[in-house]
Amino acid sequence: MLKPWPWLRHALDHGTRQQVTRLGLLFTLTCVLVSLAAFVSANNLLFLILALLLATWMVSGFIGRLSLAGLELDFLLPDHLCAGRKLMGRVVIRNTKRWMASFSIHVAGSSDSGLSRPLYFPVIPGRARIEAPVELFFARRGAYHQNSFRFSTRFPFGFAERRINVQLVRDIVVYPSIDPQPGFEELLISLQGEIASFYRGQGNDFYRIRPYEVLESAHHVDWKATAHTGDLQVREFAREREQAVAFFLDLDVPSAQAAWFETAVDRCAFLAWNLSRRGSRIRFCTQDVDWQLPEEADVYTILKYLAIVSPRQGKRLEAAHDRDVFEIVFSTSPERLLEAGWEVGGSNMRLLTPEEGQGEEFRSQKSGSRIRV
């Protein structure tokens, strides 16, 4: 059963750009009662009151529409926008009318506009340009080409809320989130440990003798120190070049794994951003691109690509041939990588799949033993 007020509001609002308020409904009811009383009693005073009420309604509608006329909207945005992060921008409102001011203006945006909360301007003088700070928030990555905004006002008497919808055509690229999400920081710490372990001993200058760690090559074992201490000791050398990390994002993702692909994009963006800020050289590869940082691109180029990337089924990810680089691979199918010539489970690779731990499983298979993960 429909309540009287929502039903009547919907009926009055149908096909129009205004919404009658409760005060407007009471004013309309007052006009109806006065008109009935005037016609029944034939009282000239009641007719004068009715004329005054109708004139007030007409003037209210005219001034309200005139208040919304001639308004222009624009946004001054930061150079880099990330999903899931609140940022500050600036909104610019222009009143192109020569002398007529606009009063009590509300500005609201659609869900994809980035405008997190409505804005209110008490008055915008004629020929004026008003600039105000605004909080922006984009929930998801992607390219935004146009957004809907709405000017509204209840000026002068609040009988109706008059609205004008504005389409702001602009090209905005929102990067994936680079803020920590559940498990992301733990993954970063784990990868930093693996990268540091992989690059130990890559140089020729002696650095120190330290205890042997699992999965290290026996080539650097110092047998004299081992015999002296009774535990395996290795010679560690200072690395000759800075650490390099290669990101491989497999775009061949089945539709059933679309949610995992979005998580993989966020992980890739988070890791690339943090490792680049720590001075690591980065290579970023998919089936479409192959960039070296900082020679061919910067981290913002990667983030911009990740903002609009989508799965591309049927394309094979080419295997890497540089074994001196630590690889971080995002893929849904280790078996397909093996068929393409990848050494899945190698000491220089961290494989991230929907079923975490498959890289360790392949590594144990290569060494002749199988572990449960």
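**Labels and their cut-offs**

Analyst: The side chains of R117 and E135 form a salt bridge, with 3.9 Å from N to O. This is a predicted model, in which local features need pLDDT of at least 70, side-chain atom pairs count only at pLDDT 80 or more, and totals for chains, interfaces and linings use all residues. Residues are numbered from 1 along each chain as its sequence is written, and side-chain values use heavy atoms, with hydrogens and water left out.

User: Why is the contact of R117 and E135 called a salt bridge?

Analyst: The rule asks for a side-chain nitrogen of Lys or Arg within 4 Å of a carboxyl oxygen of Asp or Glu. The N to O value for R117 and E135 is 3.9 Å, so the pair meets the rule. R117 lies in the loop between β5 (102–109) and β6 (119–124) and E135 in strand β7, so parts 18 residues apart in sequence are tied together. Helices (H or I, at least four residues) and strands (E, at least two) are DSSP runs, numbered from the N terminus.

User: What makes E135 partly exposed?

Analyst: Buried means under 20% relative accessible area, exposed over 50%, and partly exposed in between (1.4 Å probe, protein chains only). E135 has 22%, so it counts as partly exposed.

User: What is the N to O value for R85 and D179, and where do they lie?

Analyst: The closest N and O atoms of R85 and D179 are 2.5 Å apart, so this pair is a salt bridge. R85 is in the loop between β3 (81–82) and β4 (87–95), and D179 is in the loop between β9 (160–175) and α4 (184–199), 94 residues apart. By the salt-bridge rule the count comes to 10.

User: Why are β14 and β16 called edges of their sheet?

Analyst: Two strands pair if DSSP finds at least two bridges between them. The open sheet has five strands in the order β14-β13-β12-β15-β16, with mixed pairing. β14 (290–293) and β16 (349–352) each have a single partner strand, so one side of each is left without a neighbour in the sheet.
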